[in-house]
Structures are given as structure tokens and as C-alpha cells.
Amino acid sequence: MKHLPLLGTLILSTALGVTSCVPKRSPERDEAKKACHAWLSKGTELFGTTGTVYARLCAEDKEVNQFLGKENSAVLDGTFDLETMEVDDWKTIKLFPY
């Protein structure tokens, strides 16, 4: 029975160690992400042989705690080409801070 307190301490310290590794969720972050995805869903979609291409995307910038709502004008005007797409083709249109 002397080992029971040691076992309990080991279990408790292991549980605390595991929970400290899990990233903390922020209600503000979740709301910002939800708002960005709602904005994204109202954007233009192109349907092609390789799948669907969206004119909008959400990217998280963790350094300043915000989601960036980006838009691609080539998708909007129908000139989008997956093979020639550049990273610079996506312009930040809207900010979703948290």
C-alpha cells in the first residue's frame, strides 16, 4: 500500500504533463476563424477537371494573432491557371483579428 501514493503522484504528474502539451484554445481565435471561413464561403468558385478552385482563402498569422482573408483576382476574372499561379496572386482583402 505504500506504493499507492507514489502511483497516484506519477499518474497526476503524467496527466499534467500531457495537458500542458496541448495547445490552448482561444474562444476569440475560434470566432475569428469561423468568421473568416464564413467570408470564404461567400466567394467565387471555379469548377474544373481537377476539382474546385476558390477565389478566397484564410491564412493564419500567429505572430499578430489574426486570420488573413485573401482573394485571387485571376479566379474572379476566370483567367486562373493552376500551373502558372504565383503566391503573390493572393492579396489580403480582409483581417480577422483575435
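Does tryptophan 39 count as buried or exposed? Keep in mind as you look that this is a predicted model. Select tryptophan 39: its relative accessibility is 11%, and because buried means under 20% relative accessible area, this residue counts as buried.

A search of the whole structure finds two aromatic pairs, and for tryptophan 39 and phenylalanine 96 the ring centres are 6.1 Å apart with the planes at 55 degrees, so the pair is tilted. Now colour helix 2 and strand 5 (residues 90–97), for tryptophan 39 lies in helix 2 and phenylalanine 96 in strand 5, and the pair thus links distant parts of the chain, 57 residues apart.

**Second stop: another pair of rings**

Next select phenylalanine 67 and tyrosine 98, whose ring centres are 5.8 Å apart and whose planes stand at 45 degrees, so this pair is tilted. Phenylalanine 67 is in strand 4 (residues 66–72), while tyrosine 98 is in the segment after strand 5, 31 residues apart from it in the chain. Phenylalanine 67, at 4% relative accessibility, counts as buried, whereas tyrosine 98, with a relative accessible area of 25%, is partly exposed.

Which two cysteines form a disulfide? Select cysteine 36 and cysteine 58, and you will find their sulfur atoms 2.1 Å apart; the count for the structure comes to one disulfide. Cysteine 36 belongs to helix 2 (residues 27–41) and cysteine 58 to strand 3 (residues 56–61), so the pair ties together parts that are 22 residues apart in sequence. If you turn the view to look along the S-S bond, the torsion about it is about -110 degrees, so the disulfide is left-handed. Cysteine 36 and cysteine 58 are both buried.

**Last stop: the cores**

Finally, select Ala32, Cys36, Trp39, Leu40, Cys58, Phe67 and Phe96 together, which make up the largest nonpolar core, with seven residues. Helix 2 gives the largest share of this core, four residues. Centre the view on alanine 32, which, leaving aside its neighbours within four places in sequence, is in contact with Phe67, Phe96, Pro97 and Tyr98. Apart from this core lies another, of five residues, and you can look for it by selecting Val53, Ala74, Val75 and Phe80, which are among them.

Methods. Residues numbered from 1 in each chain as written. Predicted model: local features only at pLDDT ≥ 70, side-chain atom pairs only at ≥ 80, totals over all residues. Heavy atoms only, no water. Disulfide = S-S within 2.5 Å. Helix = DSSP H or I, 4+ residues; strand = E, 2+ residues; numbered from the N terminus. Buried < 20%, exposed > 50% of the residue type's maximum accessible area, 1.4 Å probe, protein only. Phe/Tyr/Trp six-rings, centres within 6.5 Å; stacked < 30°, edge-to-face > 60°. Core = buried A, V, L, I, M, F, W, Y, C linked by side-chain atoms within 4.5 Å. Contact = heavy atoms within 4.5 Å.
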